[in-house]
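Let us walk through this structure step by step. Begin with the picture below.

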Amino acid sequence: MEDMYQMDRTMSTEQDIKIRANGVQVYYADNQAIKDVDVEIQDKMVTAFIGPSGCGKSTFLRCINRMNDTIDICRVEGDIRIDGEDIYDPRVDPVQLRAKVGMVFQKPNPFPKSIYDNVAYGPKIHGLARNKAELDEIVEKALRRGAIWDEVKDRLHAPGTGLSGGQQQRLCIARAVATEPEVLLMDEPCSALDPIATAQVEELIDELRQNYSVVIVTHSMQQAARVSQRTAFFHLGNLVEFGDTDKIFTNPEDPRTESYISGRIG
Amino acid sequence: MTDATHGTPLRNKGKSILEVDARTKKRNAAEARFKGYGIAAIGISLFFLVSLLIAIISNGIPAFTQTFVNVEVELLEEKLDKNGNRDIADIKKVSTFGYKPLIENAMVKAAEGIETELSDKDLSKILSASAAAILRDYVIANPDQIGETVEFRLLTSSRVDGYMKGRVVREDLARDKNLDAAHLDLIDVMVERGAVERVFNWDFITGSDASESRPEQAGIGVSMLGSFFMMLVVLVLALPIGVAASIYLEEFAPQNRFTDLIEVNISNLAAVPSIVFGILGLAVFIQFAHLPQSAPIVGGLTLTLMTLPTIVISTRASLKAVPPSIRDAALGVGASKMQAIFHHVLPLAMPGILTGTIIGLAQALGETAPLLLIGMVGYIATNYPEGVTSGFLDPNSAMPAQIYEWAKRADPAFYERAWGGIIVLLVFLLTMNLIAIILRRRFERRW
């Protein structure tokens with residue numbers, strides 16, 4: 001295992017790096033939430049952000065698809081590039097960016113519409129389907145990828161809000177993948193779920209890795225260890241340590257990381 | 001009440017939970033008292049509501065029936081068409097005064113065989129002053145009937161009507177110039193004969209206002225139409241403008257001093273006395289924009305100004321109440337801000353918006369004060385507007401203004417009509433609410 005990750009890291013070249021953040025600073029009014037963060041996120045890999053509450057990991061995640069734009073007082077400085085393109089370039093339309101960088105939120109938030117409409121909404125507004133048959137196909141594919149197809153195929157027109165929490169979250173993942181993003185951001189996707197649903201979602205994340213670059217924020221270090229290949233540890237707005245998950249959890253370099261993963265801070 | 005024993009385990013150690021301690025008793029008593037206050041408050045409100053409803057219904061219901069006399073009138077040719085050539089111009093020359101003798105004759109015939117001390121001339125005092133006009137209208141419409149004997153159903157005077165409804169009693173007539181106790185005796189006999197009867201009064205619902213001397217003829221129909229047209233104007237203007245303004249303020253506007261100022265002012269506007277809006281309407285729409293006075297369009301515009309803050313405030317509140325996770329979800333799949341709002345946020349806020357709108361409309365429907373200033377409290381005796389545009393532009397009144405007018409007049413018969421008008425107003429309002437509830441159901445069912 002160790003060797004494999006080692007290999008991954010040594011083999012990583014410019015092409016493999018999906019997202020590169022350089023000197024990112026985020027301010028909420030006068031409060032600096034993120035201080036000078038540099039991160040490289042590789043393609044077809046799960047990167048986990050861990051750290052105590054309020055350390056800025058979610059804030060940083062929301063910078064990647066510019067969801068922070070919706071917060072008036074939020075200001076982002078620095079440079080975040082996806083495939084070498086600056087996402088904060090004035091020419092970038094955040095709407096287009098978000099189609100490329102999908103997001104799954106902490107609390108399952110299906111639209112109060114049918115399961116079908118939940119998944120079909122993204123493809124519809126982006127014009128991914130030319131007709132009903134194509135849309136049906138996209139919806140089925142997305143629901144299959146979300147590992148929820150078998151559970152909902154007979155009730156596609158039932159309201160999405162009527163599903164259980166775990167099913168709702170998988171529906172949200174299906175909704176996110178329906179627009180065929182290249183990157184999938186997940187903000188504590190399992191924090192509202194029970195262990196069984198969590199296991200299902202984690203399994204799903206592992207499968208998604210084959211097609212997407214996944215970034216997951218999590219409070220659970222076990223989860224980070226289970227699902228991710230790379231881990232970034234945030235503390236008080238700083239990126240303290242970033243490296244292979246294995247290394248972070250077994251042999252951290254920074255004493256703060258060690259304190260956190262051994263349960264002394266956080 | 002487990003909390004009572006929860007905080008201090010040591011002190012209560014050994015105490016049985018089967019016995020309620022003094023502190024718990026006190027709290028339970030406080031709770032029981034509070035419940036009592038609540039029930040009393042609801043009881044008092046219910047009592048007032050019920051007494052109000054009883055008062056309105058018992059006072060207003062008589063307005064929906066009216067006393068009529070069935071008489072056979074001989075349309076004498078020598079009175080109506082002396083030349084005998086049925087020339088409509090000549091027939092029109094005969095004023096209502098010329099019909100008086102016909103009515104007198106008819107009444108004498110109707111009272112035939114009844115012993116009465118009244119002179120032949122006094123008999124027709126039973127009838128409404130509108131009788132002659134009704135006859136004249138009929139003759140002008142059917143000139144070929146001249147010379148025939150036609151059966152008419154004529155309104156009785158408001159006093160006779162009041163007698164039939166128990167409002168007027170014989171003792172009241174001692175100083176009455178128009179009616180004697182002898183008239184009432186006559187009425188009693190005619191009721192027995194079936195010539196005088198009290199029937200449902202459609203004219204009250206469809207008719208127009210009448211002069212002060214003939215309350216029996218007055219109806220609320222025309223002012224109901226005025227109110228309807230005003231509500232249409234308010235709905236068409238206030239809903240889209242209010243919702244658009246709210247969406248902009250809530251979702252798009254930057255947070256700065258200017259928007260703060262607008263927000264404060266909207267809240268203040270909602271609390272401005274409605275008569276101020278009346279002055280504004282008068283100054284802006286009539287004196288500056290030269291829109292026709294007393295027209296529902298002006299009334300509607302003025303009430304729109306009054307309704308807008310209500311709609312804006314409730315719309316913003318319901319937009320705010322939509323969970324942010326829905327916005328995030330929509331933005332997360334790449335919807336634009338507007339798509340997120342129109343596809344997801346607005347449908348969820350719709351029930352709240354409709355509630356606010358109906359509150360605003362109900363307020364506007366019942367508003368009288370601003371209408372005073374733009375001249376919508378007039379005596380409107382026209383019948384239904386000919387077309388839709390004239391409905392908006394012709395002078396009209398509104399239901400609350402009409403009720404106010406009637407309540408102002410001296411004759412108790414108008415008083416009865418004011419109560420009846422309130423019933424019609426409430427039914428109108430309930431219908432509006434019903435439509436809103438049905439619409440809200442629709443919106444809720446869509447997801």
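A residue is called buried when its relative accessible area is under 20%, exposed when it is over 50%, and partly exposed in between, using a 1.4 Å probe and protein chains only. By that rule, 54% of the 266 residues of chain A are buried.

This is a predicted model, in which local features need pLDDT of at least 70, side-chain atom pairs count only at pLDDT 80 or more, and totals for chains, interfaces and linings use all residues. Residues are numbered from 1 along each chain as its sequence is written, chains are lettered from A and ligands numbered from 1 in the order in which they are written, and side-chain values use heavy atoms, without hydrogens or water.

Start with the overall form. Chain A holds 11 helices and 10 strands (DSSP runs: H or I of at least four residues for helices, E of at least two for strands, numbered from the N terminus). Its C-alpha trace spans about 55 × 40 × 35 Å along the principal axes.

Now look inside. The largest nonpolar core has 50 residues. Such a core is a set of buried Ala, Val, Leu, Ile, Met, Phe, Trp, Tyr and Cys residues joined through side-chain atoms within 4.5 Å. Helix H16 of chain B, residues 337-365, gives the largest share of this core, seven residues. A second, separate core has 43 residues, including Phe285(B) and Ile403(B).

Return to the largest core. Phe234(A) is among the residues with the most contacts inside it. Beyond its neighbours within four places in sequence, Phe234(A) is in contact (heavy atoms within 4.5 Å) with residues including Ile34(A), Phe49(A) and Phe60(A).
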